[in-house]
Amino acid sequence: MSVKTVQGDAELLTETRHGNAVAYGGLRERHAPAARILARLLVDGPAEAEEVVAETFAGILHLLRRGGGPREAFRPYLLTALRRTVHDRSRGRSGQVTDGEASGPWVPFVDPALSGLERSPVARAFLSLPERWRLVLWHAGVEGAGPAEIAPLLGMPAGGVAALVHVAREGWRQACLRAHLAGTPRQECRPVLGMMGVYVRGGLARRESRPLDEHMDGCAECHDVFLELADVNQGLRVIVGPLIAGPALPGYLAALDRAGGTGAAGPFGRWRRAPASRRAVAAGAAVGAVSLAAALATVLVPVSAQGPQAPSAGAVPEPVAGDPTPTPTPAPVPVPVPQDPPAPPLPPSPEPSQGKAEKPRRPDGPGAVAPPAQRGAVPAPRLIARIDALGALVRSEAGIVAVRLRNVGAGGSGELVADVGLPDGVTVLAAARRGRAVAAIRPVGTVDGWACRAGSGGARCFRRPLAAGRATAIFLRVAVSPTAAEGSAPSVRISAAGIGVTARARTGVRTAGAPARFATDGQVSTSAIGNTLMVCASVAPACRAARSRGGDRRDNDLWEMGPLDQDRDPSTRSSSAARLALPRRSKVVWAGLYWSAGAPADGRIKFKAPGDDGYTRVRAERVTERELPAGVGYQAFADVTRLMGRLPGTYWAADASLRPGVSRHAGWSLVVIAADSRQPYSQAVVVDTATVVDREHGPAWIPLDGLTPTAAPVRVDMVTWEGDAGLTGDRVTLGGRPLRPEAGDRDAGNAFDGSATGAEGTGMTFGTDVDGFRSTLGRNPVLKVSTGRDVLLFGAAVVRVRARS
């Protein structure tokens, strides 16, 4: 027998309708913290906020006692009602509900700035769902709550919540597709949209998905639908979040984060005996969401209100890995992943020269695989291997070579031995001990049980057997000599109990490109934040306007630039802050600090993480100087993984080498990869290079070799210096497709406009751009940075692509 100790919102609402005042007190105790957070963003002063919250709860109680109001999804209804209360109070009207409101369907309160948002396919799909699905999508997708936090709201176990979230997401996808189909798309788009749901889930064979890939290469509308369906949480935050919480959504999510609450937004009191684990919402994902929603509101497609069909009862919830634990070693911290993670996609197998697994050989040949008839009933493994140079292997630079392996057979493999062959001029970087190189190699990224030793012409790595249906990866850091032959590529042979699999990389040594600084496969998040260290040094109103992203003089070329010093610390000459908004349960895998200025470099900066009492002096591991129009400029890099503080939080940088003057810049960026068990299995890589982009030098081409070239969603965060808001023509493309930045003016024709994700205390980040972009990787994964009138210094990019299994 078991005793039910937690009542869900639906039960409390039902009891309230039957006159149980204690039940409504439970709802208020559960949800009032979130209501207060939103109210304080909408009105002046805590006293007025409390009045608004009290009036809103009283109005909903009035509705419930008359048989109206929400049935299950209380939080979205509450936040909408609160915004309507504030709107009515501002116009001197009472918040008392009418008979129509009591009996009619719930209608969201849309801010005038977002007019039309409720007619978008995403919004209409959300509003058409059953209330229970809307509840879990709001708390999981927008507020970022986990199953354990949502469980009390539903009165069910956390395991059941995880399954329900999966079902609700699939129902939302189906509803979105029906909405788009009801919007009378072009005739050639209808069959593509009809197959999009299966395509997003990875249910199409390669030959079946190729026509969809080709169609989306030339159809922006279907490409946007794919991105919408592939990243449910992003669509919910960008459209549904502002629909419910209004333009205050970013502040609401950030305040939930600071309060230490997430989906529950505070303690449950007696309604939840066990304390909730403190997880943070992905507040950073909401940065720019409201502005994006406003833009989308101008291009909405009316859709049918037809309700969704429930997905198959056999839907399987997304796997959730255990809490990761970084390995404390002097090398970069490996990303913690589940043992033998599910196999991410690799290309089909046939030709070794194309980086595929070789066909099974005759039983008497080398590396033979016995045919099934000779193996009897014993399940047999089947290995598919791939080897790639990540980013680019560039002469005179260090880089990373990735070996990926999966077992698509029915049985486990034997012990694995991987012999990695490197071309002449490319050598594996072994560990160093007391000034001498040793044979042992510490792989980077996902170590996953591999042990490697340097050998003649490459490396030999060993690992335990690989279970059926599982995948693994090795990342080896290599050095490329100035004389390495262009085009020469690495190869690998993997042996396991009689099985021989070989592969060769598609690409090899290049003369230019961005080498990989770090790489990993796993359940990870990626992010980049930053800020400027210089501002216009003037008391003129035009300078104040420029600092707030206003006026017509928003370029550092138009001002005498001086140091920005925000920290009130007399020991610093320049300083600024940026907030990293990752979930609290995340654990840092790798963090790189980049800084740049239009000045000679001294290779030093000060860095402070959340919880630190003071700054830590950081010395650059690499400094690159380039000639810019105003004189010499530089980019510096340092690995700061071990200096990272609590997540999320505010990070500071100070006292980089800079020089005041006209057309000067100085700024910094923190690039982070973090393990997050709620993220899908992905491939992530950081590439960096200090490359001047202007009319004389031409565009910067950044090959993203080694990432699965599919239509899977990709997230790109870029660090670029010396962009000017007033000089249009800066563009970023991926595989030829233009990318739109998520921050700043959000203009695809002026991608670098002095805006930086996470920047605190500044509007215009003169000469510093840290921008996020979303797209698909495509079949030609090359980033291109170009400009028509400006001079840019491209610095770094962190790229994360979902590996659909």
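Colleague: Which residue forms a salt bridge with Arg573, and how far apart are the closest N and O atoms?
Modeller: Asp655 does, with the closest N and O atoms 3.9 Å apart. A salt bridge here is a side-chain nitrogen of Lys or Arg within 4 Å of a carboxyl oxygen of Asp or Glu. Keep in mind that this is a predicted model: local features need pLDDT of at least 70, side-chain atom pairs count only at pLDDT 80 or more, and totals for chains, interfaces and linings use all residues. Residues are numbered from 1 along each chain as its sequence is written, and side-chain values use heavy atoms, with hydrogens and water left out.

Colleague: Where do Arg573 and Asp655 lie?
Modeller: Arg573 is in the loop between strand 17 and strand 18 (575-580), and Asp655 is in the loop between strand 24 (649-654) and strand 25, so the pair ties together parts 82 residues apart in sequence. Strands are DSSP runs of E, at least two residues long, numbered from the N terminus.

Colleague: Is Arg573 buried or exposed?
Modeller: Exposed, at 59% relative accessible area. Asp655 counts as buried, at 9%. The cut-offs are under 20% for buried and over 50% for exposed, with partly exposed in between (1.4 Å probe, protein chains only).

Colleague: Which Lys forms a salt bridge with Asp655?
Modeller: Lys606, with the closest N and O atoms 3.1 Å apart. Lys606 lies in strand 20 (residues 604-608) and Asp655 in the loop between strands 24 and 25, so this pair ties together parts 49 residues apart in sequence. Both residues are buried.

Colleague: Which residues are joined into a salt-bridge network?
Modeller: Arg549, Arg554, Asp745 and Asp753, through salt bridges that share partners.

Colleague: How many salt bridges does the whole structure have?
Modeller: The search finds 24. One of them joins Arg404 and Asp521, at 2.7 Å from N to O. Arg404 is in strand 3 (residues 398-407) and Asp521 in strand 15 (residues 516-532), so the pair ties together parts 117 residues apart in sequence. Arg404 and Asp521 are both buried.

Colleague: New topic. How many aromatic pairs are there?
Modeller: Seven. Rings of Phe, Tyr and Trp (its six-membered ring) pair if their centres lie within 6.5 Å; planes under 30 degrees apart count as stacked, over 60 as edge-to-face and the rest as tilted. Trp590 and Phe637 have ring centres 6.1 Å apart and planes at 15 degrees, so that pair is stacked. Trp590 sits in strand 19 (residues 587-597) and Phe637 in strand 23 (residues 631-639), 47 residues apart. Both are buried.

Colleague: Which residues do ring pairs link into a cluster?
Modeller: Phe518, Trp590, Tyr594 and Phe637.

Colleague: What lies over the face of Phe637?
Modeller: Arg517, at 4.1 Å from the ring centre. Elsewhere, the charged end of Lys608 sits over the ring of Tyr615, 4.7 Å from its centre. For such a contact, NZ of Lys or CZ of Arg must be within 6 Å of the ring centre and within 35 degrees of the ring normal.

Colleague: On to the sheets. What is the strand order in the open sheet of five strands?
Modeller: The order is 21-20-24-18-32, with antiparallel pairing. Two strands pair if DSSP finds at least two bridges between them. Strand 21 (616-619) and strand 32 (759-760) stand at the edges with a single partner strand each, so one side of each has no neighbour in the sheet. Strands 18 and 32 are joined by two bridges. Ala578 has Ala759 as its bridge partner in strand 32.

Colleague: Which side chains of strand 4 are buried?
Modeller: Leu416, Ala418 and Val420, which point to one face of strand 4 (residues 416-421). Strand 4 runs antiparallel to strand 10 (residues 458-463), with six bridges. Five bridges pair strand 4 with strand 12 (residues 491-496), also in the antiparallel sense. Gly421 has Gly458 as its bridge partner in strand 10, and Ser491 in strand 12.

Colleague: Last one. Which residues touch the most other members of the largest nonpolar core?
Modeller: Trp172, Met196 and Tyr252, in a core of 86 residues. A nonpolar core is a set of buried Ala, Val, Leu, Ile, Met, Phe, Trp, Tyr and Cys residues joined through side-chain atoms within 4.5 Å. Another core lies apart from it, with 57 residues, including Ala690 and Leu777.

Definitions and conventions:
Helices (H or I, at least four residues) and strands (E, at least two) are DSSP runs, numbered from the N terminus.
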